[in-house]
Amino acid sequence: MKPNLNVPDERGYYGAYGGRFVPETIVPALDELTDAYGEFKDDPVFQSELMHLHHTYTGRPTPISFAKRLTDHLGGAQIYLKREDLAHSGAHKINNALGQALLAKRMGKKRIIAETGAGQHGVGTATACAYLGLQCVIYMGSVDIARQKPNVLRMKLLGAEVRPVESGSKTLKDAINEAMRDWVTNVRDTFYLLGSALGPHPYPQMVRDFQSIIGQEARRQILDRTGSLPDALVACVGGGSNAIGLFHAFREDENVRLIGVEAGGEGIESGRHAARFAGDAKARPGILHGTRSYVLQNEDGQIVETHSISAGLDYPSVGPEHAFLRDLGRTEYTWATDSEVLDAFQLLCRLEGIIPALESAHAIAEVMKLAPALSKDAIILANLSGRGDKDLDTVFKALGDAI
Amino acid sequence: MSGLQLVNETFSNAKKRARLMPYFPVGYPDLAMSINVMEAIARAGADAIEVGVPFSDPLADGPTIQAATQIALENGTTLRICIKAVEELRQRGVTIPLILMSYVNPIMAYGLEAFVSDATQAGTSGFIVPDLPADEADEFQKLTEKYGAAFAHFLAPTSNESRIKLAASRARGFIYLISVTGVTGERDIVPADLKEFVQRVRRVASQPLAVGFGIGTPEKARAIGEIADGVIIGSRYISLVKEGGLDAVVKFTRDVRESLEK
């Protein structure tokens, strides 16, 4: 029997994953959000307002580009890139930020809070708040602030207050903790604009829905360009919003492989990575940030610190829908190490004239392995989820004189 | 006597005084001291103790408990060790209810039934799980009932009628009322809407109501004791241990007890 891929159920479950494991204080706020989202999700006025914004402000639809020189260089499958790096503010994050900010405005909430890792969601949120006239507070780990400076400056210029988070590993995980603490405190007038397809219900669903425009466009575009569906989709997976956004429109296309690429860091054996699906004994189903999913944790259920050269993938859990699709075998997950990612980053710069975000370079690293193994009439569609200007410091530090 | 019976008895004998229920995390500032602190709290007249299990991502906690539980983790404190701490307190003759308070992930990693079984066997009277709201707690609820333990659900000032009804239908032993929207940590004033909140819950729930979050002085404990059945104090105890050690803990506990008698 074909599994039912129309998830979540009304309690926010994706099979055994999902749910809402949060302090009681914010349960009523999640109820309110679920109701409001349910109302606006199918409201043609809301949808057309959002689409109008995407057309006139975000710059959608973003194109797909045929990566001719990369295809020739790798000598296998034809490679297409979905160009989310061309969306306003430089990444797919704006799709969700605008959607939720518009919803917040409809709900009468005037104060927006958000977490950010690489800063792309923070920039997207600050952008949406500036455009819609909403107050904006962004929580960001101090480690991430140091390695994503340009995005910190962008957020400030856009009128957001950036609050450094010094607790725990001082990265994305801790920024989410701090944003949730703010929400618990200011829940009555504050909207938590969560940036990935994770957290308590309805966030994984809502973020996926706002990001699914990526796959809807891409499916149409690749059919127009090539007359057929791709053989494989490739996208990086931190929380997993760009990947689920690309995959969603293709979920019933059984012949399209859906491949997610996690952060392999310094390699799985090193223990310094953020790959939840790579078979590391530390990755087991657990509960973090309000949702049940795969979580990197020690034997005692304490969340472990992760590592990735890309701040946006440096996260110990993953969206519940990915865990669900993975258990069904509908999606596949692999990983790319920091050094593979740096190679992919440079290759895309030189062969295609595109500077990718280090997150997106994980997808390219997988394309470099996958394309040569496929025939020349096969098609790979990779999601270029963001641009890499923010990462130049990190890359220069890692490569030094080798550039 | 089961853990639930012990909790019920603690609240039932009809002295008109709110119960003092301090929270303290196992492993802070180290394991031995944390057990000594809890023993001293019990001997100084507390009515129950919330035995805190440290977690790496305590999103309902403010800076004081975050910092203390971080130290506890660095000291190697595990859930297993917390259960042992309960056992040790029982061996030292502590007879008041001991309620284990843990975030849900360490419990899942331990295994739900193994945890409830081991913990109650060690002398745990009940459980508090801040990130396991009643509608996600079916399995845990059944296990606490099977092992005769209390299970305190939370309610917050934001809780509406349906949430209050849900907690009232599920909570065993008492209901934990969060005094303000926010995280744990001392605050100066008694929230203006607390009385109305307590009354709102009382109209629906028959369980004793214990109020926590933000209480750090005998005066504030007394003010809250006038409207609630239990007063939970956490962060203040951590500051006391840091600043004045066991003597300060004992003196403060007696002061609060006295203020609740008045």
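This is a predicted model: local features need pLDDT of at least 70, side-chain atom pairs count only at pLDDT 80 or more; totals for chains, interfaces and linings use all residues.
Trainee: Hi! Which residues of helix α15 in chain A are buried?

Mentor: In α15(A), which covers residues 392–399, Thr394(A), Val395(A) and Leu399(A) are buried. Looking down the axis of α15(A), the buried residues fall within an arc of 115 degrees, so they line one face of the helix.

Trainee: Nice. What do the buried residues of α15(A) pack against?

Mentor: Their partners are α6 (142–147), α13 (338–352) and α14 (358–370), in chain A. Just after α15(A) comes Gly400(A), with a positive phi of about 55 degrees.

Trainee: Switching topic: how many disulfides are there over all chains?

Mentor: Zero, from a search of the whole structure. For Cys129(A), the nearest cysteine sulfur belongs to Cys136(A), 3.9 Å away, and a disulfide needs the sulfurs within 2.5 Å.

Trainee: And how far is Cys236(A) from the nearest cysteine sulfur?

Mentor: That sulfur, in Cys349(A), is 16 Å away. Cys236(A) is buried, at 2% relative accessible area, and Cys129(A) is buried too, at 1%.

Trainee: Okay, chain B now. What is the strand order in the open sheet?

Mentor: Nine strands run β5-β4-β3-β2-β1-β9-β8-β7-β6, with parallel pairing. The edges are β5 (150–151) and β6 (154–155), each pairing on one side only.

Trainee: How many bridges join β1 to β2 there?

Mentor: Three, between β1 (residues 19–25) and β2 (residues 49–52) of chain B. Pro25(B), for instance, has Gly52(B) in β2(B) as its bridge partner.

Trainee: Which strands does helix α11 of chain B touch?

Mentor: α11(B), residues 235–261, packs on the sheet against β1 and β9 (230–233), with its direction at about 170 degrees to that of β1(B).

Note on methods. Residues are numbered from 1 along each chain as its sequence is written. Chains are lettered from A and ligands numbered from 1 in the order in which they are written. Side-chain values use heavy atoms; hydrogens and water are left out. Buried means under 20% relative accessible area, exposed over 50%, partly exposed in between (1.4 Å probe, protein chains only). Helices (H or I, at least four residues) and strands (E, at least two) are DSSP runs, numbered from the N terminus. The arc is that of the directions from the helix axis to the C-beta atoms. Contact means heavy atoms within 4.5 Å. Two strands pair if DSSP finds at least two bridges between them. Axes are lines fitted to C-alpha atoms, for helices over the stretch in contact, and angles run from 0 to 180 degrees between N-to-C directions.
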